[in-house]
Amino acid sequence: MENKSRRNFLKIASHALGGTLAAGIAVPVVGLAVHPWMKETIFGTEDFIAIGALEDFPVGRPKKITITSSKMDAWNVFDGLVMGSVWVVRTGDNSLQVLSVNCPHLGCGVDWGEDVKKFLCPCHEGVFDINGQKLSGPAPRNMYSYETKIENNTILLNYKRMV
Amino acid sequence: MNAIQKWFEDRTGIRTLIKFALDEPVHGGAKWSYIFGSGLIFLFILQAATGIVMASYYSPSATDAWGSVYYLQHKTSFGWFVRGIHHFGSSAMMILAIVHLFQVFIFGAYKKPRELNWISGVVLLMVIAFFGLTGYLLPWDQKGFWATQVATNIMGTLPVIGKYIKSIHLGGSDYGNFTITRFFTLHVFLLPITLISFLFAHLALFRKHGVTPYWKMSEETIHNRVDPFWPDQVFKDVVFAIGMYAALAGWVFWQGGAELQAPADPASNYLARPEWYFLFLFQLLKYCQGPFLIVGTVIVPALAIAFLFALPFIDRNPSKWPSKRIPFFCGVFSGLAGVVALTVLAMHHDSKDIHIIHQHEEAEIQAALAVKLAAKGIAPSGGLSIFENDPLILGKKVYESNCRVCHKVQGEGGDTGPDFTDFGSRGWVAGLLKNPKDTRYFKEPALMPPISLPDETLLDMSEFLLSQSGGLLNPNVERVAKGQDLVLKGNCVVCHAIGDKEQKKLGPNLTAYLSKGWLKEFIRNPTAPKFYGARNKMPQFDKLTDKEMDALIQYLFSLSKDRLIVSQRLEDVKERLICFWTTQHKDIDRFWRQILIKG
């Protein structure tokens, strides 16, 4: 009888201690495994990327430019990487808009039709005006644009943030 | 048993299996002396759990390994702890395996019919050692890289097959990408498979033959006292496991995790030392030189292993009493004593060797610096690139290959030119003004006469001269004003131009004296009329690239504490300060290193 209650105690104690031990190991191991939930592991090193001076872009004529930046991929840093392209539309002396080259419909590359002064998507005939407003076609919305700012005559683009 | 459990049990028989696994009668009773074997299984599971999660961060290539371990160690929340547990866990496993071996030996548990149990155990011990060896290289840091060189060179000394064994491990004739992929394969695939297979055999044999109780226990007690494995023995095992984990975690915290040294540099001359459990072999090799090398690398270890394998067949006396096994006790314990003595000798030697002590300090500093530099990202060309990208390190290199022949820093270098200890500081410039003919400066040939003014006044002048470029740390406005007055209204301007950068006078132009621009022009062409003209003795260093020149100047600035500001950013200043200490003061005390490491 005494032995039985002693063994019952040992069973409960073993479970409790074993559980504590397992938890003590699981916390750091799982914590490490889910690190990408807590911290960005791949990211551009610059928030705002300089894409040129204001005067490089004539008013009313969209210009397609390539965005290069540096990227951190976990421990590695890659400089001068091509991130993609954008349409820069200078709308006034001090105002501009940077539009995504990808059509909001299915992501095809949108071209500027100089003769019609409109953005044209070659895939499904989407048409957008110079400000990226949808005119016709299957696209569900206007063209995506990026957050920009102008500092010391330099255009800075936040490539991470589409609006 | 509820319906779901029953359904599951009917189809899998899992309960029966668990019951079978746990329901082992322990003859003679559960004992604390039986905890070591299960302790090893626990440690192996712990190593597997930490190892698997670490593998998800690790990149086995010569260019990426260090960076990936750096990321794990310094950029994740638990990485340092998990790696610490894995690193010190391997030592714990080694210790426990040896304790287990001795417990088994003392209890006589290797005797008939348990010969194969013993032999599989010896194989497992060797597998554990090989785990340690292969794992040590994986971070691809200085320590692991050089220590493993020793081990693979030992492999190479095996007669006839040595070079083949070595090249199959290295994946070629030298260390490279294939060395790391091969060691990784061994460490995470082949060795675990081997260990699990032998462990399975070891356990199956153990279950077949049962425990070997204390030799004094009477046959009667062994027969009558039978404890169930669960929970009597399991409880003791769990207590031991939790105790070990707590001790291991405490140790990891106390040590601040496992060390990660600077990236492996094949061009450095690092004094390699293996992990502590191989030190005895390392020490043994010191006594086996020339043609006798093979005695230390092959013959002695082979004899020791052969003895362990053969032990159950040599000691055929069924009695488990130690008094009946005195020769074997003598043999095994003198072997242990030899290993301990060699280990102690090796450690003692290293603790007294000034080169080793210096190297440890240097390695610690390099490691801390590497961590600082790696924070900005590591170029895809590999871990070592972080050093080449640091201007101060590049600058020091440029200095050492071009300037050191003629200029001294902290007593090291030539005597021809001025001593650069504390170069460009307030005190250095004041000292120059005080007596240009001093052996620290231009010596006897100097044309400029000493200035007989009080030291404080000379410091005012120095403050003004250095403040021109804006590169002086915390300039004192009052002193600058006083100094300006003295310099511009005194005799200085008779020989020196100040204000017009291009003006030529007898002495060098002091406009923006010792600034980045001034130094750059000067170093490129000291013979220019605006500097020393025909009197110049210094060679022109016009072949240096812009990058090298900038780095050199940054290094020169770093020689004094007054000239730390290169960039105005506080962050940079802090970093410069740290670099200053690391490059200049090899013997900086513990305090500085702590600051450096904690960042």
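In this predicted model, 24 residues of chain A are in contact with 30 residues of chain B, two residues being in contact if their C-beta atoms, placed from the backbone, lie within 7 Å. Helix 1 (2–33), helix 2 (35–38) and strand 4 (76–90) of chain A each give two or more residues to the side that touches chain B; helix 1 of chain A provides the largest share, 16 residues. Helices (H or I, at least four residues) and strands (E, at least two) are DSSP runs, numbered from the N terminus. Local features need pLDDT of at least 70, side-chain atom pairs count only at pLDDT 80 or more, and totals for chains, interfaces and linings use all residues. Residues are numbered from 1 along each chain as its sequence is written, with chains lettered from A and ligands numbered from 1 in the order in which they are written.

The domain bounds below come from an automatic or database domain assignment.

| Chain | Domain 1 | Domain 2 | Distance between C-alpha centres |
|---|---|---|---|
| Chain A | 2–38 | 42–162 | 54 Å |
| Chain B | 3–352 | 390–566 | 61 Å |

Helix 1 of chain A is also among the elements covering the buried residues of helix 11 of chain B. Those buried residues include Pro231(B), Phe235(B), Tyr245(B) and Val252(B); a residue is buried if 20 or more other C-beta atoms, placed from the backbone, lie within 10 Å of its own. A kink of about 30° in helix 11 of chain B is centred on Phe235(B), the bend being the angle between axes fitted to the seven residues ending there and the seven starting there. After helix 11 of chain B comes Gly256(B), with a positive phi near 70°.

How values were computed. Buried ≥ 20, exposed ≤ 12 C-beta atoms within 10 Å, placed from the backbone.
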